[in-house]
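Hi everyone, thanks for coming. I'd like to walk you through one protein today, so please have a look at the sequence and the model on the screen.

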Amino acid sequence: MSNKTAKRLTPKQETFVRNIVDGMSQREAYRHSYNTDRMSDKTIDENACRLFNNSKVLARYNEIQEKLTKETIMTAKERLEYLTGIVKETKKEKISIVKNGEVFTVEVPASLSNKLKALDQMNKMQGSYITRIEGNVTMSKLEDLI
């Protein structure tokens, strides 16, 4: 879906969708979007459910959710680049130092321990490690299991 979906929604419908995306329940989102002073909770719930299941409203909700997911989830390449930055010292760690009651924040290269953790994580992401599972299996006769 594109902004065409948003243009087809009324301002109240758009507010309703955005309120749900922001974490409100359907009831809360409906109350904040429509005049519900004379409605019972049951009526509000029914109207909110019906509105949320409206194809245009649902499409807009899915559109916003998809956009948020794309913006917040790092790709595998982005994760590798970030971890590489730690190892190559292009990403710095922020540490706070307290001196005479004042707090100073400075950036320093990652510690050796954090660099090794980054390398370990990168190796896991790229399948560089082989996982070996060992164990003992004993077989019983079928009659013993029954």
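Let me start with a term: a residue is called buried under 20% relative accessible area, exposed over 50%, and partly exposed in between, using a 1.4 Å probe and protein chains only. What you see is a predicted model, where local features need pLDDT of at least 70 and side-chain atom pairs count only at pLDDT 80 or more, while totals for chains, interfaces and linings use all residues. Residues are numbered from 1 along each chain as its sequence is written, and side-chain values use heavy atoms, with hydrogens and water left out.

Now the overall picture. The protein has eight helices and two strands; helices (H or I, at least four residues) and strands (E, at least two) are DSSP runs, numbered from the N terminus. Along the sequence the pattern reads α-α-α-α-α-α-β-β-α-α. Of the 146 residues, 21% count as buried. Contact here means heavy atoms within 4.5 Å, and among contacts with a separation of 6 or more, 45% are between residues 24 or more positions apart.

On to the cores. A nonpolar core is a set of buried Ala, Val, Leu, Ile, Met, Phe, Trp, Tyr and Cys residues joined through side-chain atoms within 4.5 Å. Which residues touch the most other members of the largest one? They are Phe16, Val17, Ile20, Tyr30 and Val57, in a core of 13 residues. Helices H2 (11-21), H3 (26-33), H4 (41-52) and H5 (55-72) each give two or more residues to this core, and H4 has the largest share, with four. If you click on Ile20 and skip its neighbours within four places in sequence, you will find Ser25, Gln26, Ala29, Phe52 and Tyr61 in contact with it. Another core lies apart from this one and has six residues, among them Leu80, Leu83, Ala118 and Met122.

Let's zoom in on a helix pair. Two packed helices are described by the angle between their axes and the distance between the axes. For H2 and H3, the angle is about 145° and the axes are 8 Å apart. The axes are lines fitted to C-alpha atoms, for helices over the stretch in contact, and angles run from 0 to 180 degrees between N-to-C directions. From H2, the residues Lys12, Thr15, Phe16, Asn19 and Ile20 meet Gln26, Ala29, Tyr30, His32 and Ser33 of H3.

One residue of that contact deserves a moment. Is Asn19 buried or exposed? Asn19, which sits in H2, is buried, with a relative accessible area of 12%. Its side chain and that of Ser33 are joined by a polar contact of 3.5 Å, meaning a pair of N or O atoms within 3.5 Å; within protein, one must be able to donate a hydrogen and the other to accept it, and residues adjacent in sequence count only if both atoms are side-chain atoms. Not counting residues up to four places away in sequence, Asn19 touches Met24, Ala29, His32 and Ser33.

Glu89 is not a glycine, yet has a positive phi of about 70°; Glu89 lies between H6 (76-87) and S1 (92-99) and is partly exposed at 33%. Asn100, also not a glycine, has a positive phi of about 55°. Asn100 lies in the loop between S1 and S2 (102-109) and is exposed, with a relative accessible area of 77%.
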